[in-house]
Amino acid sequence: MSDKLKIGLMGTGRIGQVHAASVAAVPDTTLHWVCDPFVDGAKATAERYGAARVATDPAEVLDSGDVDAIIVASPTPTHVDLISAAIDAAIPVLCEKPIDLDIARVDALREKARTASVPVILGFNRRFDPHFAELHRRVERGDIGRLEQLTITSRDPEPAPAAYIAVSGGIFRDMTIHDFDMARFFIPDIVEVTARGAQQFSTVIAEAGDYDAAVVTLRGAGGELITITNSRHSAYGYDQRIEAFGPGGLLQVGNVGPTVVRAYGAESVEGIAPYHSFFLERYTEAYRLELAAFVEAIRGRPSTSPGFEDGRAALVLADAAVRSAAEGVSVDVDLNA
C-alpha cells in the first residue's frame, strides 16, 4: 500500500461528487478509479478530479489489484452487493447510508461484515461535524452531568426531486436516519420509538405516500428522552441544531451560516445572512473528517468511524418509526439482538 491511498468511487451522482471532492481535499488519498454505469458521468468526474481510470462495472475496480479502498455512493439497492464484494476482495469500504431499505438483506450480510478482515464503515458524516463532535465530547466529559434529554432539529431547505423521493424509502429511512444515528452517538441503547408523520405542504410527497414532516421521540435504556424534529422545507435555509440537557446545565449547537457578520441599523438589529442552503456547504468539513477517519481505520489505527452495526441500528429505528407513524403506537426495539 502506497503512502497515498488509491480510492475507487462507486457512483457519480450528487453524493458521489461530495465524496470525490473530499478525496481531493484529503492529503492521504487520491481518486484513482471512478465507476458508474453511465460512463459519461464517470469520465467527467475522473477528468475533474484527476482519476486515472474509469469503469462501468464495479468488478473491474475490485478485481484490478489497483485500489486500496472504495467509497460506495451508488443507489441504495447496490449497497449490499458492493459491500459484500469489497469484503470478498479484502478491500476497505466506506458506504453511504442506508445499507439497504430491507432489514432482511442487511441481516443477511451482518455476520460477513462482523468477521470482515477489512474496515466496513457507514457514511454517517454528521458525527464528524466539529460542532456536534465538540458537544459530544463535552457530554462525555460530564460537563452537564448525566444526559437526560437530547433534542435534534433537522430541516432541509427544500424537498429532493420527485424522482428521488419515489425511491428514497421515505422520510424516516432517508432523512431521519441521520438523526437516528446522531441520537445513538449520544445514547447508544435506545429501547422505544414513537413517531408521527404529517403531510403539511407537498402534494408530490403526499402522492408518493410519504410524509413531508415528522416528529420522533426515542427512549433510552436509562430513561433518556430524545426528540427529533424534521421537515422537508425551511424558508431560512438548512436547519441543523442539537441541544443536550442534564442536571448540570445545557449544551447547544445552533445553525452555522456562511458568515458571522451581523448588521445593525434603524430597521433591524443582529441581521445575518441566511443559513447554508445545501448539505454540502453545511457539512463540507464533516465529510473531509469522515474520510480522514476512514484512512486511519484502513491504516490499522483505532477507528472512530460508525460501522455496519451502526448502520443496521439506524435502519431498525427507521423501520420502527415507519410502523409507529402508520399504526399510531409506540414500538419497542432491541438494538442488541
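This is a predicted model: local features need pLDDT of at least 70, side-chain atom pairs count only at pLDDT 80 or more; totals for chains, interfaces and linings use all residues.
Biologist: How many strands does the open sheet have, and in what order do they stand?

Modeller: The open sheet has six strands in the order 3-2-1-4-5-6, and their pairing is parallel. Strand 3 (53–55) and strand 6 (120–123) stand at the edges with a single partner strand each, so one side of each is left without a neighbour in the sheet. On average, neighbouring strands of this sheet are turned by 25 degrees against each other, if direction is ignored.

Biologist: Which residue in strand 2 is the bridge partner of I7?

Modeller: The partner of I7 is L31, and strand 1 (residues 5–10) is joined to strand 2 (residues 29–35), parallel to it, by six bridges.

Biologist: Which strands does helix 4 lie across?

Modeller: Helix 4 (residues 79–88) lies across strand 1, strand 4 (69–72), strand 5 (93–96) and strand 6, and runs at about 175 degrees to strand 5.

Biologist: What stands opposite V193 in strand 9?

Modeller: That residue is L218, and strand 8 (residues 190–198) pairs with strand 9 (residues 213–220) in the antiparallel sense over eight bridges. In strand 13, the bridge partner of V193 is V331, where strand 8 and strand 13 (residues 331–332) pair in the antiparallel sense over two bridges.

Biologist: How many residues does the largest nonpolar core have?

Modeller: In soluble globular proteins, nonpolar side chains tend to be buried together. Here the largest nonpolar core has 94 residues, and those with the most contacts inside it include I70, F186 and L218. Helix 12 (residues 308–327) gives the largest share of this core, 10 residues. Among the residues that F186 touches are F132, L135 and L150.

How values were computed. Residues are numbered from 1 along each chain as its sequence is written. Side-chain values use heavy atoms; hydrogens and water are left out. Two strands pair if DSSP finds at least two bridges between them. Helices (H or I, at least four residues) and strands (E, at least two) are DSSP runs, numbered from the N terminus. Axes are lines fitted to C-alpha atoms, for helices over the stretch in contact, and angles run from 0 to 180 degrees between N-to-C directions. Contact means heavy atoms within 4.5 Å. A nonpolar core is a set of buried Ala, Val, Leu, Ile, Met, Phe, Trp, Tyr and Cys residues joined through side-chain atoms within 4.5 Å. Buried means under 20% relative accessible area, exposed over 50%, partly exposed in between (1.4 Å probe, protein chains only). Lists of a residue's contacts leave out its neighbours within four places in sequence.
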